[in-house]
Amino acid sequence: MVDNRYATALVIGSVLSLLATVYLSVAVGTQQWYQYSSPPEGVNVSVLRAEFINSECDEQIYSKTIFQLNGTLGLWWRCILVPSQSHWYKLPDPKMETLCVSFTLSQQFISKYKNSEEDLLRTYLWRCQFLLPLVSLALVFLSGLVGFCACLCRSFTPTFGVGVLHLLAGLGSLGSVCCFLVGVDLLHQYTTPPEGVEGSMGWSLYLALISFPLQMMAAALFLWAARSHRKTYTRMTAYRVA
């Protein structure tokens, strides 16, 4: 028989885990991790657009375009804001549209270079920033399977493992955000944005950041419930034996 306090902790922890999973999944699939605000200036949009599409993941080329065309950067996407090619919108007030190009899986493992030498720090930060959230989601999914099996077996013991998996998932989410921000800072040192260009964190990154405390709170609830229930069960067993 499970005490109401432990049952409540499990329910709240499950809700927090679900919210964290949704937030992190949305963050991974969207491109608003970091965004740039560019001042209006005379740039050849057509040339920059063509270079952006045909850059083949050349970091220096697409970074320059993102800086100049109000671009955004995500784990799997790079985007720029360009005038629409529709015939209904003409200068001087064209309709703007977002043009995005995705990073392929092989491009995620491309080495980063600085002055013709491989930059190992940026290379591994780039890889970790997209691998860690996937690992985090996998751990949460695994914890859900463990919890489901625990319910079928009517056992409270696996709850401790569920808490540990959520703790590791939370650290993975935080690690992904940290790797991304450090990588962006190093990118700005390698490719300096033009004067007047301002960068800021996007809402996708904030979603990933919010998922971290939610996962940690869920882990704390699961661990507390497992530890407290074990102590109570041990005391009841000792009392019955006595």
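**Exercise 1. Decide whether S136 is buried or exposed, and find its partners in this predicted model.**

Start with accessibility: S136 has a relative accessibility of 1%. Buried means under 20%, so S136 counts as buried.

The S136 side chain comes to 2.7 Å from the backbone oxygen of A169.

Finally, list the surroundings. Setting aside neighbours within four places in sequence, the contacts of S136 are L24, A169, G172, S173 and Q215. A169 therefore turns up in both steps, as the residue whose backbone oxygen the side chain reaches and as a contact of the buried S136.

**Exercise 2. Find the largest cavity and describe its lining.**

Begin with the general idea: rolling a probe the size of a water molecule over the atoms shows where empty space is left.

Count first: there is one cavity of 30 Å³ or more. Then take the volume, which is about 130 Å³ for the largest cavity.

Its lining is made by E59, Y62, L73, K112, R122, L125, W126, Q129, F180, G183, V184 and L187. Helices α3 (59-68), α4 (120-153) and α5 (159-190) each give two or more residues to this lining.

Sort the lining by class, and you get seven nonpolar, two polar and three charged residues.

**Exercise 3. Where does pLDDT stay under 50?**

Take the whole protein first: the mean pLDDT is 83, and 87% of residues reach 70 or more.

Then go to residues 233-242, where pLDDT stays under 50. The model has zero contacts beyond four places in sequence for this stretch. Where pLDDT is low, the predicted coordinates should not be read in detail.

Conventions. Residues are numbered from 1 along each chain as its sequence is written. This is a predicted model: local features need pLDDT of at least 70, side-chain atom pairs count only at pLDDT 80 or more; totals for chains, interfaces and linings use all residues. Side-chain values use heavy atoms; hydrogens and water are left out. On a 1 Å grid over the protein atoms alone, a cavity is a set of points where a 1.4 Å probe fits but cannot get out, and a pocket is an open set with protein on both sides within 12 Å along at least five of seven lines; lining residues have an atom within 4 Å of a point. Grid points are joined across faces, edges and corners, and a volume is the space filled by probe spheres set on the points. Helices (H or I, at least four residues) and strands (E, at least two) are DSSP runs, numbered from the N terminus. Ala, Val, Leu, Ile, Met, Phe, Trp, Tyr, Cys and Pro count as nonpolar, Asp, Glu, Lys and Arg as charged, and the others, Gly among them, as polar. pLDDT is the predictor's confidence in each residue, from 0 to 100. Contact means heavy atoms within 4.5 Å. Buried means under 20% relative accessible area, exposed over 50%, partly exposed in between (1.4 Å probe, protein chains only). A polar contact is a pair of N or O atoms within 3.5 Å; within protein, one must be able to donate a hydrogen and the other to accept it, and residues adjacent in sequence count only if both atoms are side-chain atoms.
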